[in-house]
Amino acid sequence: MNFIQAFKMSLKAIMSSKARAFLTMLGIIIGISAVMVMASLVEGAQKIQIADMEKMGKNKLSLDCWSYGMKDPSDKIYKFCMEELSDYTLGVTPNGYFWTQMRYKGKIYEGGQYLFGNSQFAVCNGWEIESGRDLSIIDIEHRNRVVVIGAAVKEAWFKYINPVGQWVTMNGERFQIIGVYKAKWDAQKYSMDDLVVAPYTMQNLLDPQGRLNSFVVKCKDFESTKMAKAKLETFLKPIFGGNAYIYTQDEYIVQTEEAMERNRLVVLGIASISLLVGGIGIMNIMLVTVTERTREIGIRKAIGAPRRSIIAQFLIESSVVSLFGGIFGLLFGTLATLVAGQLQLHVVLMPSAFITTLSVVISVAIGVLFGLFPAVKASKLQPVDALRAE
């Protein structure tokens with residue numbers, strides 16, 4: 001018996017008991033769909049998180065340092081980065097947070113990240129000006145009472161009004177808005193677009209008890225980032241001892257990828273349990289099928305059918321059941337992925353080609369693996385015993 005004949009016989013056997021065949025496929029359908037949805041969600045979340053990190057700027061060093069009783073280290077760090085590291089860096093800026101309540105026409109702004117920066121804040125953090133201008137060296141040196149706001153602040157407070165030139169109040173002092181940064185996160189409130197940047201030389205006025213301990217260094221490329229980090233560590237160690245930490249954006253991305261990969265393996269492991277259950281269901285049904293068709297097997301063996309022919313017939317039958325389950329699972333999994341992407345990540349999410357191909361391969365492999373034992377059992381039946389079976 002050739003493959004085409006075995007395939008036709010398998011389809012005929014499946015169609016003769018549609019309900020049983022569908023229930024057998026159900027475990028595979030659920031398993032494949034679960035694997036597709038879970039893997040796609042993890043992959044989608046990873047891409048979104050890495051994309052968000054890249055929006056904050058690549059080839060960037062984040063520096064945290066402190067020392068009790070030491071004066072503001074900003075000038076030392078700035079001078080070292082701009083002079084000693086000039087071959088590797090494009091800029092350096094304080095990146096210190098401070099707390100305040102910003103008011104505009106008597107209304108308090110809810111939310112917002114308030115940061116100190118210098119004229120290189122935008123370059124170091126990957127921001128672009130949408131309207132107005134950025135902080136300048138003159139603003140820093142003359143301690144001008146100016147701020148640059150993010151797109152979320154503009155959207156929440158000013159809507160269609162041009163915020164450039166408007167005055168806001170922080171800690172009882174008036175500051176003029178001189179610029180607006182372009183949106184990176186669709187101007188969503190409580191995102192990175194929700195920020196206000198003031199000259200770091202205004203710290204004594206806005207945050208007199210605070211200290212500038214955080215800095216960002218923008219490097220020219222990936223290799224420059226590694227070189228600058230090594231030299232900065234050497235420079236900072238005698239000054240701050242063990243109280244200086246330098247992180248690169250690439251390290252954050254690698255750590256995120258590793259964490260997501262671990263999560264993916266865990267999720268796929270859990271989802272694969274349903275595939276195992278589906279495979280056991282196929283084995284169970286095939287064992288029942290062998291019992292029901294014992295006389296047929298006996299007749300075939302009596303007229304000279306070899307063992308491999310019997311094995312092939314039942315293996316093909318179990319593979320066809322599993323393949324159809326995989327196809328239906330693929331369709332249902334794609335639809336479920338689209339729905340889950342909108343509900344969980346608010347994006348249009350499609351299973352990758354790798355996940356799709358793997359799902360079909362797994363479905364066929366399950367049919368072969370779990371159909372092997374029933375097929376071998378059928379091939380071992382003795383013709384005399386099989387023909388006497390009721």
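Me: At what angle do helix α11 and helix α12 pack?
Reply: This is a predicted model. In it, helix α11, residues 307-345, packs against helix α12, residues 353-379, at an angle of about 150°. Their axes are 7 Å apart.

Me: Are α11 and α12 roughly parallel or antiparallel, and why?
Reply: They are roughly antiparallel to each other, because angles over 145 degrees are counted that way.

Me: Which hand does the crossing of α11 and α12 have?
Reply: The crossing in which α11 passes α12 is right-handed.

Me: What classes of residue make up the contact of α11 with α12?
Reply: That contact has 14 nonpolar residues, nine polar ones and one charged residue.

Me: Let us turn to the sheets. What is the strand order in the open sheet of four strands?
Reply: The order is β2-β11-β1-β12, and the pairing is antiparallel. From one strand to the next, the twist averages 20°.

Me: Which strands stand at the edges?
Reply: Those are β2, residues 89-94, and β12, residues 244-248. Each has a single partner strand, so one side of each has no neighbour in the sheet.

Me: How many bridges pair β1 and β12?
Reply: Five bridges pair them, in the antiparallel sense. As one example, Leu63 has Ile246 in β12 as its bridge partner.

Me: What holds strands of a sheet together in general?
Reply: Strands of a sheet pair through backbone hydrogen bonds, and the pairing may be parallel or antiparallel.

Me: Now β9, please. How does strand β7 run with β9, parallel or antiparallel?
Reply: Strand β7, residues 146-149, runs parallel to β9 and is joined to it by four bridges. Val147 stands opposite Ile177 in β9 there.

Me: Which residue takes a positive phi in the hairpin of β8 and β9?
Reply: Asn171 does, with a value near 55°. The hairpin has two residues between its strands.

Me: A last topic: how much space lies in the largest pocket?
Reply: The largest pocket holds about 360 Å³ of space. Its lining consists of 20 residues, and Lys60, Ser62, Asn95, Tyr97 and Asn125 lie nearest the centre.

Me: Which element gives the most to the lining of the largest pocket?
Reply: That is β1, which gives four residues. Other elements that give two or more include β5 (113-117), α4 (121-125) and α9 (249-292).

Me: What is the lining of the largest pocket like by class?
Reply: The lining has 12 nonpolar, six polar and two charged residues.

Note on methods. Residues are numbered from 1 along each chain as its sequence is written. This is a predicted model: local features need pLDDT of at least 70, side-chain atom pairs count only at pLDDT 80 or more; totals for chains, interfaces and linings use all residues. Side-chain values use heavy atoms; hydrogens and water are left out. Axes are lines fitted to C-alpha atoms, for helices over the stretch in contact, and angles run from 0 to 180 degrees between N-to-C directions. Angles under 35 degrees count as roughly parallel, over 145 as roughly antiparallel, 65 to 115 as roughly perpendicular and the rest as oblique. A crossing is left-handed if the near helix is turned anticlockwise from the far one by less than a right angle, and right-handed if clockwise. Ala, Val, Leu, Ile, Met, Phe, Trp, Tyr, Cys and Pro count as nonpolar, Asp, Glu, Lys and Arg as charged, and the others, Gly among them, as polar. On a 1 Å grid over the protein atoms alone, a cavity is a set of points where a 1.4 Å probe fits but cannot get out, and a pocket is an open set with protein on both sides within 12 Å along at least five of seven lines; lining residues have an atom within 4 Å of a point. Grid points are joined across faces, edges and corners, and a volume is the space filled by probe spheres set on the points. Two strands pair if DSSP finds at least two bridges between them.
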